[in-house]
Amino acid sequence: SQFLSVCAPLTQEHPEVLPFLSSRHLRAHPDFRGSAEFRNILGRLLRRVRGRRRKVYVYINELCTVLKARALRRRLPLRALPAPPPPPTHLGPDGAHLGHAPAHLGHAPAHLGHAPAHLGPDGAHLAPSQYPGTQSQPPEPPGRRAGGSRRQIRHLEHLLRVYAGEIRRLQERELDLAELDSADSPYLQENRLKRRMMRIFRRLCQLKDCSSLTGRVLEQRIRFRGTRYPEVNRSIERFINRPDAFPDYSDILREIRGASARHRLGLGRRQMENMAQEAFREVGNRLQERRHLDLVYNFGSHLTDEYRPG
């Protein structure tokens, strides 16, 4: 409520933002909403909103991403078991069909309704775990986590803090011309540390069983509806949403030709070329706009965050 009260006067131009944030909060797991981790995240974002009010939408987006990663999972409905097969027909001594079993023999007696007992070599009854062809499985230890152990998670979180501190130290370091030409310059060291942090972060998300999405604009899927053929739209949409994809005109034309051949759309050569030109212009503008927004939201450094030009 305190976070919403601070953000309310800052988001009056877009009143739909706060109801969306509230719906994300309601969908999150109740244990996470009452945890100390969520309170720490909320306190950190609240301090950032009060310090930099112009980036309120960036912090709201970050909070929505955190709540989405901890949302309740919907369980799939269970399917009903198939009906049992009809009882087999019986044959007489001369091979004639006798039909189904008599009505009074359709059900087994109460004391024969269970599975037959298995006997050992000495005639003793065997327990179900000692039946032939079965193996006893040891019970799972109580309190075992489905992902990684708490010790692994604490170790990886500690590594993230260590790498983050080392990156800040490299960014604050004064450089000379000799270090810029070095094969192990601080810029290269910083790049290696960031790559390691991303690998650790993905592994940490696997152990915590949560999403690895960070909320960046580049991770948002582009919906393409530029042509009147749904088959062509789906093919182009799959192609442009690949990682690090920035297609050219020939790529779009190839996707249109492939969709036309697979689905037998009967498009002519000139029609496909005109369609590819229009789709290429729209796709290029959408990808360029997404990269520009990602740069605006993520550009900066902690060294210049507090700087205010006069």
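A crossing of two helices is called left-handed if the near helix is turned anticlockwise from the far one by less than a right angle, and right-handed if the turn is clockwise. Please bear in mind throughout that this is a predicted model.

Select helix 2 (residues 17-27) together with helix 5 (residues 56-69), which pack at an angle of about 25° with their axes 9 Å apart. Because angles under 35 degrees count as roughly parallel, helix 2 is roughly parallel to helix 5. The crossing of helix 2 and helix 5 is left-handed.

Next, select helix 10 (residues 249-263) and helix 11 (residues 269-298), whose axes lie 9 Å apart and whose packing angle is about 130°. What does that angle make helix 10 relative to helix 11? Helix 10 is therefore oblique to helix 11, and the crossing of these two helices, helix 10 and helix 11, is right-handed. To see where they meet, display Y249, I252, L253, I256, R257 and S260 in helix 10 against M272, E273, M275, A276, Q277, A279 and F280 in helix 11. Colouring by class here gives nine nonpolar, two polar and two charged residues in the contact of helix 10 with helix 11.

Key: Residues numbered from 1 in each chain as written. Predicted model: local features only at pLDDT ≥ 70, side-chain atom pairs only at ≥ 80, totals over all residues. Heavy atoms only, no water. Axes fitted to C-alpha atoms, helices over the stretch in contact; angles between N-to-C directions. Helix = DSSP H or I, 4+ residues; strand = E, 2+ residues; numbered from the N terminus. Parallel < 35°, antiparallel > 145°, perpendicular 65-115°, else oblique. Contact = heavy atoms within 4.5 Å. Nonpolar A, V, L, I, M, F, W, Y, C, P; charged D, E, K, R; others polar.
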